[in-house]
Amino acid sequence: MTTIPVLLGDRSYDVLVEEGSLARAGELLARHLAPRPARAALIADEHVLSLHGPRLLASLGGLACVTIPLPQGEAAKEISVYGRVLDELARARLDRGSIVLALGGGAASDLAGFAAATYLRGIRLVGFPTTLLAQVDASVGGKTGINLGAGKNLAGAFHQPSLVVIDPAVLATLAPRERNAGFGEVLKYGLLSPAPAILARLESQAPLEGPALVELIAECVALKADHVRRDEREESLRAHLNLGHTFAHALERAQDYRGLQHGEAVGLGLIAACHLSTLLLGCERPLADRVRRVLARFALPQRATFDPDAVLEHMGADKKRAGSELRLVLLERPGAPRVVPAPERSLLLDALAQIS
Ligand SMILES: NC(=O)c1ccc[n+]([C@@H]2O[C@H](COP(=O)([O-])OP(=O)(O)OC[C@H]3O[C@@H](n4cnc5c(N)ncnc54)[C@H](O)[C@@H]3O)[C@@H](O)[C@H]2O)c1
């Protein structure tokens, strides 16, 4: 089993990566959680619950556990679902010593995390992420949240889990498009990592399954854990993890969240960011081409249909909400990110032209 510690003083926790670990959940909880909880609530994406819930529940032994199903995918992050989940936690009489077990992709883990962060002013959370995106990103670092009518992720809290159990074997049941989308996020880590290992794995043709996939996930988690350790609240360094994301979020919003999957939008955002990195920071010229080759390997889109003016407006609007100027994460070279003020409109349009 690979163990990656996330070092945050008295809020430190381990991320465990091993094929088959879901079926050992009870044993792992007993080993890693002190004091032992008397009660638990399994808050789970209903589709994932039907596929993988029985193995997790069967492993819990004597731990009393209530199951709270969530609607599949992003629908889990509605405020009405959040309210219902809190009511169900109260009805099940979970107390301050109880735990929430979150099973599902990033949507389920965001909702379950926010419920755990706020129920009784915060109870412990253990993540069992089941998409590649959730395993390398959403389950680690303590960002939780839900969507409001006014936009995505507008309500949330920082609440670090007490343990994260990653079982790469569960990825086998993902729809191919969903699985491939996760590699958009993995590619981001490849470009950010000062060590060439992640990018090299993505650029080689060696199959990414079994031990190679376990190692790849662990390398991504280690990089995220390092950013979180050094900047838990995203005041500086953690912002580097937004490489490609300013473009991606605006693209997703311009398509009303109904077109591209998040990981697909991230892949496109990485092409745009690498193009600007070459123009503005002198980054090696073929970097955007290297990105395209990796995207092609995972059947991820290299172009999309969108209104560039709308995308630029959404990029700007996001930052106005944060009360700051638009800034972008770009690369001096792979492994050397820099946050820079966004360039003039014509250069941003040029970057968008690379992906339209
Ligand atoms: N908190 C963070 O740090 C963070 C980071 C990145 C993304 N996110 C959030 O994550 C969400 C996206 O997460 P996602 O891409 O994992 O998608 P998701 O959670 O919406 O899941 C996508 C689909 O895959 C299905 N699924 C999940 N695991 C499966 C499995 N093992 N087998 C079969 N089907 C499975 C789900 O039922 C769903 O239909 C967004 O809401 C985003 O805001 C949060």
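Visitor: How much space lies in the largest cavity?

Guide: On a 1 Å grid over the protein atoms alone, a cavity is a set of points where a 1.4 Å probe fits but cannot get out. Grid points are joined across faces, edges and corners, and the volume is the space filled by probe spheres set on the points. Here the largest cavity holds about 110 Å³ of space. Please note that this is a predicted model, in which local features need pLDDT of at least 70 and side-chain atom pairs count only at pLDDT 80 or more, while totals for chains, interfaces and linings use all residues. Residues are numbered from 1 along each chain as its sequence is written, and side-chain values use heavy atoms, with hydrogens and water left out.

Visitor: Which residues that line the largest cavity are the closest to its centre?

Guide: Lining residues have an atom within 4 Å of a grid point. The largest cavity has 14 of them, and Ser 109, Leu 125, Ala 138, Ser 139 and Pro 161 are the closest to its centre.

Visitor: Which element gives the most to this lining?

Guide: Helices (H or I, at least four residues) and strands (E, at least two) are DSSP runs, numbered from the N terminus. H4 gives the most, with 3 residues. The elements that contribute two or more residues are H4, strand S6 (124-129) and strand S7 (143-148).

Visitor: How does the lining of the largest cavity divide by class?

Guide: Ala, Val, Leu, Ile, Met, Phe, Trp, Tyr, Cys and Pro count as nonpolar, Asp, Glu, Lys and Arg as charged, and the others, Gly among them, as polar. This lining has 5 nonpolar, 7 polar and 2 charged residues.

Visitor: What is the volume of the second largest cavity?

Guide: The second largest cavity has a volume of about 30 Å³. Its lining includes Asn 242, His 245, Phe 247 and Leu 330. Helix H9 (245-254) and strand S10 (327-333) are the elements that give two or more residues to this lining, which has 5 nonpolar, 4 polar and no charged residues.

Visitor: How much space lies in the second largest pocket?

Guide: A pocket is an open set of points with protein on both sides within 12 Å along at least five of seven lines. The second largest pocket holds about 300 Å³. Of its 17 lining residues, Asp 10, Arg 11, Gln 160, Pro 161 and Ser 162 are the closest to the centre.

Visitor: How many residues surround the ligand, and which are the closest?

Guide: A residue is near a molecule if one of its heavy atoms lies within 4 Å of it. In this model 26 residues surround the ligand, the closest being Glu 74, Gly 106, Thr 130, Thr 131 and Thr 173. Helix H2 (46-58) is among the elements that give two or more residues to this shell, and H2 supplies the largest share, 4 residues.
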